[in-house]
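Student: Could you take me through one part of this model closely, helix by helix? I would like to see how the pieces sit against each other.

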Amino acid sequence: MSPNPTRLRILRILFRITANVGVVVFLRELLPTSFLLSGGIKSAVAMSLLFTLLNAIVLPLLRLIVLPIRLLATLIATVLVNIAFLWITVQAVSILAIPGFTFAVGGGIAGWLIVSAALGLSNGLVRMIAR
């Protein structure tokens with residue numbers, strides 16, 4: 001017999017509220033000069049209810065708003081990793097000094113960015129196909 005989806009949803013919400021009570025009490029005790037909450041366990045329960053409600057409603061909206069920033073940051077990090085990989089590859093080819101075999105990236109910064117993007121896209125495509 002499969003579990004009742006409504007019951008599971010209620011249990012998850014109750015778990016989140018209970019976990020948030022623990023987090024609130026823990027933070028209040030661990031960071032008494034930073035996490036300022038008065039009123040005892042009642043205020044901890046009220047704060048956990050508020051956290052649970054805001055996590056369900058506001059947090060998804062905030063994540064949607066900052067999505068372009070997250071995508072841009074991921075893109076920049078990926079390009080930097082690919083540039084570092086290219087630089088290491090250029091250095092490795094130079095150190096190996098195999099006769100008749102050279103590798104360089106030309107075109108200045110634009111060349112490095114273009115080759116990095118092409119390398120990243122091609123590696124991603126190969127990974128998708130290999131699955």
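Tutor: Happy to. Let's begin with what helix α2 packs against: its buried residues pack against α1 (5-30), where contact means heavy atoms within 4.5 Å. Helices here are DSSP runs (H or I, at least four residues), numbered from the N terminus. Please keep in mind that this is a predicted model, in which local features need pLDDT of at least 70, side-chain atom pairs count only at pLDDT 80 or more, and totals for chains, interfaces and linings use all residues. Residues are numbered from 1 along each chain as its sequence is written, and side-chain values use heavy atoms, with hydrogens and water left out.

The buried residues of α2 are Ser-43, Ala-44, Ser-48 and Thr-52. Buried means under 20% relative accessible area, exposed over 50%, and partly exposed in between (1.4 Å probe, protein chains only). Leu-59, also in α2, counts as partly exposed because its relative accessibility is 29%.

Now for the course of α2. The helix bends by about 45° at Asn-55; the bend is the angle between axes fitted to the seven residues ending at a residue and the seven starting there. What about its length? With 26 residues (40-65) at 1.5 Å a residue, α2 should span 38 Å, and its end C-alpha atoms are 35 Å apart, which agrees. The expected span is 1.5 Å times one less than the number of residues.

On the α3 side, the contact is made by Val-79, Asn-82, Ile-83, Phe-85, Leu-86, Trp-87 and Val-90, and on the α4 side by Trp-112, Leu-113, Val-115, Ser-116, Leu-119 and Gly-120. Ten of these contact residues are nonpolar, three are polar and none is charged. Here Ala, Val, Leu, Ile, Met, Phe, Trp, Tyr, Cys and Pro count as nonpolar, Asp, Glu, Lys and Arg as charged, and the others, Gly among them, as polar.

Look at Ser-116 in α4: it is buried, at 0% relative accessibility. Not counting residues up to four places away in sequence, Ser-116 touches Val-79, Asn-82, Ile-83 and Leu-86.

Terms used. Helix = DSSP H or I, 4+ residues; strand = E, 2+ residues; numbered from the N terminus.
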